[in-house]
Amino acid sequence: MKFIHLSDLHLGKRLNEFSLIGDQEHILNEICSVIENESPDLVIIAGDIYDKPVSSGEAVRLFDDFLTRVSGMTGQVFAISGNHDSAERIAFGSQIMGKSGIHLSPVYNGKITPTVLRDEYGELCVYMLPFIKPVTVRRFFPDTAVESYTDAVNAAIDAMNIDFSKRNILITHQFVTGAQKSDSEEISVGGSDNVDSSAFDGFDYVALGHIHGPQNVGSERIRYCGTPLKYSFSEAKQVKSVTVGEIGEKRSLSIRTVPLVPLRDMREIRGSFEQVISKEFCDRGNTEDYLRVVLTDEEEIPEAMGKLRTVYPNIMIVEYDNRRTRSVHDSMETAEAENKQPIELFEEFYRFSNGGDMSEPQRQLMQSLIERIWEGEQ
């Protein structure tokens with residue numbers, strides 16, 4: 001059984017005031033070419049189809065066209081809602097479309113029924129678990145302690161009553177502990193949305209969404225395919241791709257990737273103003289790419305953005321790296337603090353105030369309070 005794993009399309013996304021709809025249309029065409037060449041039995045979209053819960057008309061039309069084309073090339077399409085999506089909007093028409101092989105995750109209600117596919121090795125069960133929070137799951141299992149995201153996922157999976165002697169695929173959209181993050185993901189405070197990978201023991205493949213860099217977490221069978229496009233400059237060196245997998249008999253899995261070529265790349269260039277606008281720099285890449293330009297001039301260049309855009313029309317950010325900017329310690333310390341999780345900041349405050357580290361029970365108590373605040377509880 002061959003499958004293609006996609007996620008985090010973020011259709012309709014704007015980045016630094018640039019609309020990426022043209023770039024997304026191009027990359028969806030690229031993906032359709034991969035699907036046509038690979039002829040998979042199923043295509044998986046593991047959440048964050050749209051960038052906002054109420055998506056633009058352009059984004060909806062783009063996904064409608066993509067879904068129509070993909071369904072014409074493969075028998076089964078599975079798509080779930082992510083944290084950026086409206087679960088209700090993704091679920092609309094799911095019962096009707098499911099009869100045509102287009103399976104959209106319903107709003108989570110405590111019960112998940114698998115779609116059963118068959119090949120020469122027997123049954124393959126596909127489970128769709130949309131993005132969930134503990135508060136979402138807790139009301140369906142009043143007799144189960146659901147405090148953390150791991151608890152929530154465990155409770156949801158336990159309720160599936162899975163026969164692990166069969167082959168099983170889980171499609172879900174969560175942050176699995178140990179995954180390498182990028183700047184473009186929306187991760188909760190304190191790392192409170194972490195899910196331990198042990199929650200997925202027994203599955204033959206876990207198709208994950210949420211983290212934007214392609215990677216396995218713990219094993220080959222637990223995988224983020226990553227975004228098809230770069231959505232932050234922290235992803236500039238990543239190679240975006242489509243994940244292609246094949247499941248034969250039980251415990252037989254092979255994974256490979258097919259690179260995707262964007263309409264415009266996202267990259268950083270660095271040097272003095274004169275260096276950056278020189279022919280040598282321009283010849284290093286496509287001048288139409290989305291750029292972060294870091295100028296090393298000691299003096300600020302008047303109207304630098306406007307001047308640079310005559311050469312590089314799609315500059316997103318202009319920054320300076322010189323003696324002045326490197327000496328602004330307060331700004332650097334603020335930026336460093338913004339990149340830390342709340343539990344880390346509290347640990348530093350405790351250490352400063354008390355001359356020692358928190359005990360583990362104290363740390364666990366503070367972490368649980370952070371999680372409760374994140375869940376909107378009193």
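Author: Happy to! Phenylalanine 164 is partly exposed, with a relative accessible area of 33%, whereas phenylalanine 203 is buried at 2%. Here buried means under 20% relative accessible area, exposed over 50%, and partly exposed in between, using a 1.4 Å probe and protein chains only. This is a predicted model, in which local features need pLDDT of at least 70 and side-chain atom pairs count only at pLDDT 80 or more, while totals for chains, interfaces and linings use all residues. Residues are numbered from 1 along each chain as its sequence is written, and side-chain values use heavy atoms, leaving out hydrogens and water.

The structure holds 6 aromatic pairs. Rings of Phe, Tyr and Trp (its six-membered ring) pair if their centres lie within 6.5 Å; planes under 30 degrees apart count as stacked, over 60 as edge-to-face and the rest as tilted. One of the pairs joins tyrosine 50 and phenylalanine 63, edge-to-face at 5.9 Å centre to centre with 75 degrees between the planes. Both tyrosine 50 and phenylalanine 63 are buried.

Phenylalanine 164 and phenylalanine 203 also pair edge-to-face, at 5.4 Å centre to centre and 85 degrees between the planes. Phenylalanine 164 lies in the loop between α6 (149-158) and β9 (167-173), and phenylalanine 203 in the loop between β11 (194-195) and β12 (205-209), so the pair ties together parts 39 residues apart in sequence. Helices (H or I, at least four residues) and strands (E, at least two) are DSSP runs, numbered from the N terminus. Together with Tyr127, Phe164 and Phe203 form one aromatic cluster.
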